[in-house]
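Me: I've got a two-chain complex open and want to go through it quickly. Can you take my questions as they come?

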Amino acid sequence: MTKIEAIVRPERLEEVQQELESLGITGMTVTEVRGAGRQAGYVERYRGLEYRVRLLPKVKVEIVVADGLVEQVAQTIINAARTGEVGDGKIFFIQISDAIRIRTGERGEPAL
Amino acid sequence: MRRTLIRSLPIAVVLFFIEGIAFAQDGGISRGDTAWMLASSALVLFMTPGLALFYGGMVRSKNVLTTIMHSFIAMGVISVLWVLVGYSLAFGGDSSLIGNLEWLGFNGVSVFEPNPDYGATIPHQLYAVYQGMFAIITPALITGGFAERKKFSSYLVFLILWSLLVYCPIAHWVWGKGGWLRSLGTTTGGGTVGALDFAGGTVVHISSGITALVAALIIGRRRGYPGEEMRPNNLTMTMLGTGILWFGWFGFNAGSAVAANGVAVNAFVVTNTAAAMAALAWMAAEWTYRGKPTTLGAASGAVAGLVGITPAAGFVNPLGAIAIGIGAGVLCYSAVIMKTKLGYDDSLDTFGVHAVGGTWGALATGLFAVPVLCQAATGVKDHGGGLLAGNPQQFLFQATGVVATIVYAAVVSAILLFIINAVIGLRVKSGEEDAGLDVSLHGEEGYIL
């Protein structure tokens, strides 16, 4: 099992969700996050004061899938989230040792 | 004996009212004027919660309630203080420097009879309560200078003392019978003339603005200023507050005619025009200088324009209002930019907007005042208007009013603040400041969403 952690533009979330759904993947956890990669941020001005906003709003989508699905899911996210501009985000992969479905007690891949 | 007294007390009270009613006459009271002034009083009161939202949106979310409370509680404290002492101290008697104690508790301030010195066609008590609304918002304006770090208890003490020792005397100089600033000279026709301040450019805006600067300097900067992020928590609230201020200002300025007449209409029109022009001017200046037109800039510009037109509203025409609006927008924008360079922390720019805007408005009144409007508003039949109408003396009167207000308000406020600081302290503890004043002083949070 692998956890796919995709940090994407908030405005691409809907598209990512739809494309994953057409793959049959509906289970996911989404968090609103702020972060910085290569994007420079921007300046906000309030009367005489200036603040550089470096951390920009992103969403983090976490999905745990069977190892055989990882490449396909990653490619789907890339297709849905990519604009080609700086700030499209990143995808991280994390090995998962086990999982439990709390309702039934199933373990491992059947719990996904 | 005691029992008789207690038993006869209700009868005495009833008699008092009956006596009052028996003396009630319609002599000289205009229902139209009275209706307008009742409405104006409510409009001016509404400015203070408007100010609470205007300021409340500009602070950090951990201090939103304490900032709103500064304005809100002024409605409590000053409303009572004004009835008990304030009105009498500002408007009683005919001395040149300060009122007297003849109207303590509004005693003798009739709800039926007019006081011809202040408003010949409305009940005296209506004039008194209308003036009370000005007394409420003025110290509330100051709170922008020390927002996010002021101890609430010492704020209450400051509120009372400042109102009695700074506001009431200046109000008397400018508006009270015999006040020295309103009687600086005479016209050839024998009319008494002096500094023109229609609705409080000196009394309200310069006095509060300069006090905010003094307070900001004495209390010191907020922890982490400048450098730490201190973005406004909710500019939508600030915009709503600005709208309420603009709306209420019609009562502030047009109500200052103390009648529903042409002078009020003039004040209404120039108020709206100057606010609009100043919002545009600030926006244009900011757009040019910094590249983006901000909503906070447009709102600040509108308030600067309203401040600028306040002393002039009864005396200038709509074109004068446009000139005042342009000046207010550009000058106040420059002042708030300067603040960042000078390094003092007048947190919500009370000095930059109210003292600078008020000074500009007071001086501009001396430039643009139109003789016929001055004659209508002051009753002086040969009033010469301002400098541009060929009356340079008026400009000197205006400058006198500005300097006197700045010096008096700054000196007395500084003394008050030093004393309060020595006795109970002005500022919260650093831990309280870091935690936010809402939790540490009031035991509440503004946003539990």
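Predicted model: local features only at pLDDT ≥ 70, side-chain atom pairs only at ≥ 80, totals over all residues.

Me: What ipTM and pTM does the predictor give the complex?
Reply: The ipTM is 0.79 and the pTM is 0.89.

Me: Compact globule or more spread out?
Reply: More spread out, because the radius of gyration of chain A is 17 Å, well over the 13 Å that the globule rule gives for 112 residues. The C-alpha trace of chain A spans about 60 × 30 × 20 Å along its principal axes.

Me: How much of chain A counts as buried?
Reply: 13% of its 112 residues.

Me: What share of the contacts in chain A is between residues 24 or more positions apart?
Reply: 72%, taking contacts with a separation of 6 or more.

Me: Give me one residue to look at. Where is A:Asp88?
Reply: A:Asp88 sits in the loop between α2 (70-81) and β6 (89-95) of chain A. Its C-alpha atom is 6.0 Å from that of A:Arg9, 79 residues apart along the chain.

Me: What else does A:Asp88 touch, leaving out residues up to four places away?
Reply: Besides A:Arg9, A:Asp88 touches A:Ala81, A:Arg82 and A:Thr83.

Me: Why does A:Asp88 count as partly exposed?
Reply: Because A:Asp88 has 17 C-beta neighbours inside 10 Å. Buried takes 20 or more, exposed 12 or fewer.

Me: Now the cores. Which residues have the most contacts inside the largest nonpolar one?
Reply: B:Ala274, B:Ala278, B:Leu306, B:Phe315 and B:Cys332. That core has 141 residues. Helix α3 (residues 64-91) of chain B brings the largest share, 14 residues.

Me: Which residues are around B:Leu306?
Reply: B:Leu306 touches B:Leu245, B:Trp246, B:Trp249, B:Thr271, B:Ala274 and B:Ala275, not counting residues up to four places away in sequence.

Me: And the core that lies apart from it, what's in there?
Reply: That core has 11 residues, among them A:Ile4, A:Val8, A:Val61 and A:Ile63.

Me: Back to helices. How long should α10 of chain B be?
Reply: At 1.5 Å a residue, the 25 residues of α10 (residues 318-342) of chain B should span 36 Å. The end C-alpha atoms of α10 are 35 Å apart, which agrees.

Me: What comes just after α10(B)?
Reply: B:Gly343, with a positive phi of about 90 degrees.

Me: Last one. Is α11(B) mostly covered or mostly open?
Reply: Mostly covered: 19 of its 19 residues are buried. Helix α11 (residues 350-368) of chain B should span 27 Å, and its end C-alpha atoms are 25 Å apart, which agrees.

How values were computed: Residues numbered from 1 in each chain as written. Chains lettered and ligands numbered in written order. Rg over C-alpha atoms; globule rule 2.2 N^0.38 Å. Contact = placed C-beta atoms within 7 Å. Helix = DSSP H or I, 4+ residues; strand = E, 2+ residues; numbered from the N terminus. Expected span 1.5 Å × (residues − 1). Core = buried A, V, L, I, M, F, W, Y, C linked by C-beta atoms within 7 Å.
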